[in-house]
Amino acid sequence: LTGHVVCVCVLTECGCVFFFFFHLPFKMIRNEKDAYYESPTVTAEERKKKHISGEYQEPEYITITLTNPITHDVAGKKYTTYQVNTTTTFPEYKGESFSVRRRYNDFVWLRAHLMQRMEESPKGRKKGGTIPQLPGNNLSSLFGMAGRYEAQFIEERRQGLEAFLNSVANHVICRFEAALHAFLQEQNDSRFNN
């Protein structure tokens, strides 16, 4: 046997002694495959091949954060953009880590597109459930432009947009949408305003 053997001794009230032996194989210890998947030189295509071949693979994950909001003023028209940072092991993406800059209107387009794709898909109507709402406007932002560019409003919107993206990126159907992949990876995609 390779691994560790653990012995547990139990003494009962009547004075009987029982010994239990457990074998813990070395498989519970990190191995060279773990190091392979953590290597920065392994491409998404190689990870995808390993996944298809049935070899051991770390669990897949995607984490999206929105940081560094910047308010722009272009010819008297203001808008705020957010840096969208993604870290993932999902094989559908080109790499493991990337960043793009997006504005609120881009999120509106993405949600509308995902909603349309869900309605078109029989699986979407059957299994998909719902796509979360985007954070809306607050009262001060509706009655005056100043409210939309206040630090508290921008932070609340940032948190809501971050929660939205993490939800759709882990959604059973939306996860595989090419438009979502482009939204997270492609800075110069013509579908997005920024």
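Mentor: A residue is called buried here if its relative accessible area is under 20%. In this predicted model, that description applies to Ala-179, Leu-180, His-181, Ala-182, Phe-183, Leu-184 and Gln-185 of helix H8. Helix H8, which spans residues 178-185, is thus mostly covered, with seven of its eight residues buried. For the protein as a whole, 35% of the 194 residues count as buried.

The cover comes from several elements. The buried residues of H8 pack against strands E3 (62-74), E4 (77-88) and E5 (97-103), and also against helices H3 and H7, the latter formed by residues 151-169. These belong to a protein of eight helices and five strands, whose elements run β-β-α-α-β-β-β-α-α-α-α-α-α from the N terminus on.

Two packed helices are described by the angle between their axes and the distance between the axes. Helix H3 comprises residues 104-120, and its axis lies 10 Å from that of H8, at an angle of about 165°. Angles over 145 degrees count as roughly antiparallel, and H3 and H8 are therefore roughly antiparallel to each other. Their crossing is left-handed. On the H3 side, the contact is made by Asp-106, Phe-107, Trp-109, Leu-110 and His-113, while H8 contributes Ala-179, Leu-180 and Phe-183. By class, this contact has six nonpolar residues, one polar residue and one charged residue. The three contributors from H8, Ala-179, Leu-180 and Phe-183, are also among its buried residues.

Methods:
Residues are numbered from 1 along each chain as its sequence is written. This is a predicted model: local features need pLDDT of at least 70, side-chain atom pairs count only at pLDDT 80 or more; totals for chains, interfaces and linings use all residues. Side-chain values use heavy atoms; hydrogens and water are left out. Axes are lines fitted to C-alpha atoms, for helices over the stretch in contact, and angles run from 0 to 180 degrees between N-to-C directions. Helices (H or I, at least four residues) and strands (E, at least two) are DSSP runs, numbered from the N terminus. Angles under 35 degrees count as roughly parallel, over 145 as roughly antiparallel, 65 to 115 as roughly perpendicular and the rest as oblique. A crossing is left-handed if the near helix is turned anticlockwise from the far one by less than a right angle, and right-handed if clockwise. Contact means heavy atoms within 4.5 Å. Ala, Val, Leu, Ile, Met, Phe, Trp, Tyr, Cys and Pro count as nonpolar, Asp, Glu, Lys and Arg as charged, and the others, Gly among them, as polar. Buried means under 20% relative accessible area, exposed over 50%, partly exposed in between (1.4 Å probe, protein chains only).
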